[in-house]
Amino acid sequence: YIPFDWLTPRYTTEALKFVEENQANSFFLYYAPDCTHLPVYSSDAFKNGSIRGEYGDAAAEMDWSVGQILDKLKELEIDTKTMVVFASDNGPALYESLKNRTGVKTPGIRKDDVGSGGLLRGGKATTWDGGFRTPGIAWWPGTIKPGQVSFQVASLMDIYPTIMDFAGAKVEQDRIYDGVSLARFLTGETKGQINRTLFLYRGDTMFAVRRNEYKAHYLTWGEISVTEPPLTRHDGVPCPDYEREHCNCAVAGDKPL
């Protein structure tokens with residue numbers, strides 16, 4: 001048994017140990033801290049240190065943890081041979097969505113427990129931009145120029161082909177990949193954008209399609225809770241199964257918008 005408060009320091013220790021042990025070899029470290037996920041937590045060193053409450057404390061500790069790993073790469077002098085990608089698999093949980101949500105295991109949800117999508121609508125578990133559109137950071141001294149900003153539509157599915165491209169390896173040819181290599185965008189070699197289409201799912205149901213700056217919503221869900229507006233298909237007809245985890249009412253012939 002490990003208390004939640006100990007997890008981020010423990011994760012960090014194990015990550016640093018892994019880097020130390022594999023510094024002479026090619027390695028892949030997948031590090032997924034969960035301190036900003038409910039229940040939000042931080043160690044004593046970060047408690048009550050943020051004006052953003054417990055969520056801010058957790059985010060500050062996660063920032064410290066990532067910094068420890070970057071510092072270790074520099075200390076071992078392998079930073080110029082290592083690409084680091086910082087990304088999220090979804091947007092933030094939202095206070096209004098969680099406070100009345102049935103089945104939430106953590107009682108007494110407060111605004112300090114959750115994040116914010118800023119100007120973007122929606123959050124986690126929705127296909128609004130607040131649920132899918134998250135920032136990503138790539139770091140590789142000597143290869144990726146700092147301070148660059150790209151508006152290329154990208155996906156976590158792009159990480160694998162990007163790594164393979166940088167490594168000079170070829171992806172397997174016996175399957176179809178949804179991801180594309182972003183190597184030339186990260187190095188600044190390519191300034192334009194790839195014309196691509198991304199299909200946005202909730203569970204196994206396609207809710208929306210993104211094509212560059214355009215987005216079509218076929219189904220929309222209020223936020224994360226059945227207390228929000230019901231799941232709606234966009235011919236103006238409310239979905240009769242909106243309390244189900246997945247809607248089965250979208251059939252061939254439904255108008256998309």
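Me: What share of the 257 residues in the protein chain do buried residues make up?
Reply: They make up 33% of the 257 residues. Buried means under 20% relative accessible area, exposed means over 50%, and partly exposed lies in between, with a 1.4 Å probe and protein chains only. The model is predicted, so local features need pLDDT of at least 70 and side-chain atom pairs count only at pLDDT 80 or more, while totals for chains, interfaces and linings use all residues. Residues are numbered from 1 along each chain as its sequence is written, and side-chain values use heavy atoms, without hydrogens and water.

Me: What makes up the secondary structure of the protein chain?
Reply: The protein chain has 6 helices and 8 strands. These are DSSP runs numbered from the N terminus (helices: H or I, at least four residues; strands: E, at least two). From the N terminus on, the order is α-α-β-α-α-β-α-α-β-β-β-β-β-β.

Me: How do you know that the span of helix α1 agrees with its 18 residues?
Reply: The expected span is 1.5 Å times one less than the number of residues. For α1 (residues 4-21) that gives 26 Å, and the end C-alpha atoms are 26 Å apart, so the two agree. The 23 residues of α2 should span 33 Å, and the end C-alpha atoms of α2 are 33 Å apart, which also agrees.

Me: Why is α1 called roughly parallel to α2?
Reply: Their axes come within 10 Å and cross at roughly 15°. That angle makes α1 roughly parallel to α2, because angles under 35 degrees count as roughly parallel, over 145 as roughly antiparallel, 65 to 115 as roughly perpendicular and the rest as oblique. The axes are lines fitted to C-alpha atoms, for helices over the stretch in contact, and the angles run from 0 to 180 degrees between N-to-C directions.

Me: Which residues in α1 meet residues in α2?
Reply: Contact means heavy atoms within 4.5 Å. On the α1 side the residues are T8, P9, T12, A15, L16, V19 and E20, and they meet E61, W64, S65, Q68, I69, K72, L73 and E75 in α2. The residues of this contact divide into 7 nonpolar, 4 polar and 4 charged. Here Ala, Val, Leu, Ile, Met, Phe, Trp, Tyr, Cys and Pro count as nonpolar, Asp, Glu, Lys and Arg as charged, and the others, Gly among them, as polar.

Me: Which residues are buried in α1?
Reply: L7, T8, T12, A15, L16 and V19 are buried in α1. The buried residues of α1 pack against α2 (53-75). Those of α2 pack against α1, β1 (84-86) and β2 (137-139).

Me: What makes Y11 partly exposed?
Reply: Y11 lies in helix α1. Its relative accessible area is 28%, so Y11 counts as partly exposed. Leaving aside residues up to four places away in sequence, Y11 touches Y31, P33, D34 and Y41.

Me: Why is N48 called exposed?
Reply: N48 has a relative accessible area of 75%, and therefore is exposed. N48 lies in the loop between α1 and α2, and its phi is positive, near 60°, in a residue other than glycine.

Me: Why is A125 counted as partly exposed?
Reply: The relative accessibility of A125 is 25%, so A125 counts as partly exposed. A125 is in the loop between α3 (95-98) and α4 (129-132). Its phi is positive, about 75°, although A125 is not a glycine.
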